[in-house]
Amino acid sequence: IHTYRCFQTNLTAAKQSGLKYFCTPFYNFNRFWLVTHQLWLPLLNLLPKQWTETWIDYLQPEFIWSKLYGTFENIGSDAFLIVSPGANTLYVADAEAVTQITTRRNDFPKPLGMYAILDLFGKNVVTTEGAVWRHHRKITSPPFTERNNHLVWTESLHQAQSMLTGWVGKDGQESGAVWDVAAQAMRLSLHVISRAGFGVRLQWPHEDSQTQVPEGHTLTYKDALSTLLENIIVVLLTPRWILTHSPLKLHKVANEAFVEWGKYMREMYRAKRAEVQSGESRDGMDLMGALVKGAGITTESLNDSTSSFSPEKNPNGIPSSPSKQLLTDEEILGNAFVFILAGHETAANTIHFSMLFLAMHPASQRRLQTDLDAILGSKPLSAWDYDEDVPKLFGSMCGAVMNEELRLIPPVLGIPKSTPEGKPQGLTLDGKYVTVPGSCNITLNTAALHRNPKYWPHTSEQDLLTFRPERWLRDPRHPQHQHPEEEQKPKPRSANEKEAEAEEQEPEGPDTRPDTSASLHRPPRGSYIPFSDGHRSCLGRRFAQIEILAVLAVIFKTYSVELDVSEYISDAELKTSASRDVKTAVWGKARAESERLLREGMGTIITVQMRRGRVPLRFVRRGEEKFGDFEVPT
Ligand code: HEM
């Protein structure tokens with residue numbers, strides 16, 4: 001009866017909203033449903049099709065990826081509600097609506113319940129709202145400066161070179177089939193954030209000088225962190241007491257990594273306090289230092305024996321958080337953890353899928369290499385210059401490849417927002433006023449928005465679904481593609497919005513520049529949001545963009561990436577006797593398999609990744625490509 005009444009209430013609100021809607025019997029974000037849906041869906045599929053066809057696909061947690069823009073097209077609206085007994089959910093692929101939602105932060109807050117699992121080590125800038133979030137954001141923003149981006153650039157160049165050496169060896173031979181490009185990209189990103197953000201340089205297996213496990217630990221820092229991240233979903237979803245006592249190997253491994261990484265972070269925190277106490281200061285991004293300083297811990301406060309900051313140690317050896325401290329110890333660790341989590345998987349996915357797409361599209365790869373030659377010439381890597389080269393990379397095919405990859409596979413496919421309980425919110429949609437019900441979950445559907453034909457230059461419906469970075473390059477013959485810098489300034493806000501913002505004293509984001517280079521195509525505001533938009537947009541956007549550009553530049557300046565075809569033809573035959581027709585046939589097979597995995601093998605845990613199957617790639621010196629002049633069949 002309760003379920004039915006909830007459903008009726010939600011349905012009534014949907015009917016009054018003025019939005020298009022349809023109903024499903026279950027709420028697909030319900031945790032029980034998320035964990036057990038694979039048991040029920042086959043049973044539901046046995047029901048007569050006419051009963052289920054309007055809703056059954058939407059009970060799949062992955063439907064955003066399988067449907068892309070399709071549902072919006074079928075329903076004839078760029079926003080629709082799914083009504084269920086558990087909640088109403090609004091799906092949005094309309095740029096104007098996105099802008100309203102992201103700029104009216106109080107009217108459309110984050111649904112904090114969905115983020116609670118990210119409080120693993122403590123509350124942080126990602127998992128909080130309102131005044132608490134503003135406080136976290138103010139403290140965590142300062143290190144994300146242009147000055148520190150130099151460090152991200154230098155470190156990314158170094159790490160990309162190391163990753164490449166791991167594939168092609170010191171003598172730079174062809175790599176052979178590399179099956180774990182995704183895992184290697186993940187490792188690279190982890191190395192970059194560890195070094196640039198926390199001052200810890202991690203090594204690749206081929207350069208590892210047998211790092212010893214330090215006293216008091218059972219794992220090295222690198223093993224603790226990578227094992228924790230590999231098992232993150234186990235750690236996030238398993239109650240702590242089960243994790244600690246479970247005899248299952250999976251739980252033991254995950255728990256050991258969780259405990260060990262926590263220990264390392266606490267040690268880093270203690271060391272940072274000691275640094276602050278002795279008046280030392282360190283150059284560089286120093287995220288932990290910023291958190292400690294932001295928490296109000298200063299040399300004076302630590303040295304003043306009467307101060308409430310003077311250390312009174314808890315069993316962990318960390319001085320307990322005094323009442324005056326602006327972030328608690330848990331919050332400091334919580335933020336450190338979330339930077340690593342938010343900062344490595346997203347960038348790694350972009351690097352991985354860019355390489356895969358480029359292997360599938362050799363002509364785009366050649367154009368990228370031509371641009372890299374023009375920008376970097378024959379300068380050695382040590383002479384690549386942040387100030388001179390990065391703006392050019394941003395505005396070239398390198399930026400276009402990054403933008404296009406993030407258009408097609410934005411790591412966060414559905415950015416969650418909500419309306420407050422009992423507070424319906426008005427929204428202008430396609431010139432019409434609609435009311436989003438109170439307590440409504442909202443998904444900014446980036447996968448659909450980025451394929452909405454209203455916003456993207458395209459030559460056909462298929463073209464919108466295809467990786468074509470060239471769409472970002474401005475055509476000088478079409479002046480309507482010119483977007484002067486002024487156009488990119490945020491639209492004038494209403495008096496109410498200005499007032500609300502002034503009242504909130506929003507902390508300034510570190511970088512308010514547009515997402516894409518001025519010399520590339522600029523999509524209308526709200527239509528391209530891989531990094532979200534508005535007050536809660538990504539803090540690490542520029543960090544990530546620089547890392548991605550650096551990695552693409554290092555790899556493609558001297559190497560090409562190709563689809564590995566060794567499943568279909570031997571290396572020897574390919575090198576010596578394969579005719580053009582045979583090559584076309586095997587390449588076609590490898591490409592079709594890549595397309596299939598991009599369609600069917602993707603899955604979201606925190607970000608979307610290829611989780612069922614892998615595509616092997618090969619790295620070959622430029623000029624030695626086997627499929628260098630292949631064109632994608634139209
Ligand atoms: C390609 C790479 C990246 C993408 C696509 C990306 C995307 C996003 C998105 C969509 C959000 C909003 C999430 C939400 O509302 O739930 C976000 C938030 C955030 N990102 Fe990123 N991100 C990337 C890289 C990074 C990096 C490298 C860092 C840090 C080093 C970072 C730190 C953050 C933080 C701290 C937030 C929370 C901001 C707030 O709520 O105030 N991200 N990111």
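Me: In this predicted model, which elements each supply at least two residues of the shell around the ligand, and which of them gives the most?
Reply: Three elements each supply at least two residues of that shell: α17 (329-360), β4 (414-418) and α24 (541-558). With six residues, the one that gives the most is α17.

Me: How do the residues of the shell around the ligand divide into nonpolar, polar and charged, and which residues come nearest to the ligand?
Reply: The shell has 16 nonpolar, five polar and two charged residues. Of the 23 residues around the ligand, those that come nearest are Gly343, Thr346, Cys538, Gly540 and Ala544.

Me: Is Cys538 buried or exposed?
Reply: UniProt, in an unreviewed entry, places the feature "binding site" at Cys538. This residue is found in the loop between α23 (495-504) and α24. A residue needs 20 or more other C-beta atoms within 10 Å to count as buried. Cys538 has 21 of them, so Cys538 is buried.

Me: Which residues does Cys538 touch, not counting residues up to four places away in sequence?
Reply: Cys538 is among the residues that come nearest to the ligand. Leaving out residues up to four places away in sequence, Cys538 touches Phe531 and Ser532.

Me: What is the phi of Ser532 near?
Reply: Ser532 is found in the loop between α23 and α24. With 18 C-beta neighbours inside 10 Å, Ser532 counts as partly exposed. Most residues other than glycine have a negative phi. The phi of Ser532 is positive, near 60°.

Me: Where is Leu68, and what is its phi near?
Reply: Leu68 has its place in the loop between α4 (63-67) and α5 (70-75). It has 22 C-beta neighbours inside 10 Å and therefore counts as buried. Leu68 is a residue other than glycine with a positive phi, near 50°.

Me: What should the 21 residues of helix α26 span, and how far apart are its end C-alpha atoms?
Reply: Helix α26 covers residues 580-600.

Me: Which elements do the buried residues of α26 pack against?
Reply: In α26, Val586, Trp587, Ala590, Arg591, Ser594 and Leu598 are buried. These buried residues fall within an arc of 135° seen down the axis, so they line one face of the helix. On the other side of α26, Asp581, Ala592, Glu595, Arg596 and Arg599 are exposed. The buried residues pack against α17, β8 (559-563) and β9 (602-604).

Me: Which elements do the buried residues of α11 pack against?
Reply: Helix α11 (residues 221-230) has Tyr221, Ala224, Leu225 and Leu228 buried. They are on the same side of α11 because they cover an arc of only 90° around the axis. Their packing partners are α10 (181-198), α12 (232-237) and α14 (249-277).

Me: Which residues is Asn88 in contact with, leaving aside its neighbours within four places in sequence?
Reply: Asn88 is in strand β3 (residues 88-92). It counts as buried because it has 26 C-beta neighbours inside 10 Å. Beyond the neighbours within four places in sequence, Asn88 is in contact with Asn10, Ala13, Ala14, Leu81, Val83, Pro437 and Cys440.

Methods
Residues numbered from 1 in each chain as written. Predicted model: local features only at pLDDT ≥ 70, side-chain atom pairs only at ≥ 80, totals over all residues. Buried ≥ 20, exposed ≤ 12 C-beta atoms within 10 Å, placed from the backbone. Helix = DSSP H or I, 4+ residues; strand = E, 2+ residues; numbered from the N terminus. Arc of directions from axis to C-beta. Contact = placed C-beta atoms within 7 Å. Near = placed C-beta within 6 Å. Nonpolar A, V, L, I, M, F, W, Y, C, P; charged D, E, K, R; others polar. UniProt positions renumbered as here; feature names shortened; annotations may be inferred. Expected span 1.5 Å × (residues − 1).
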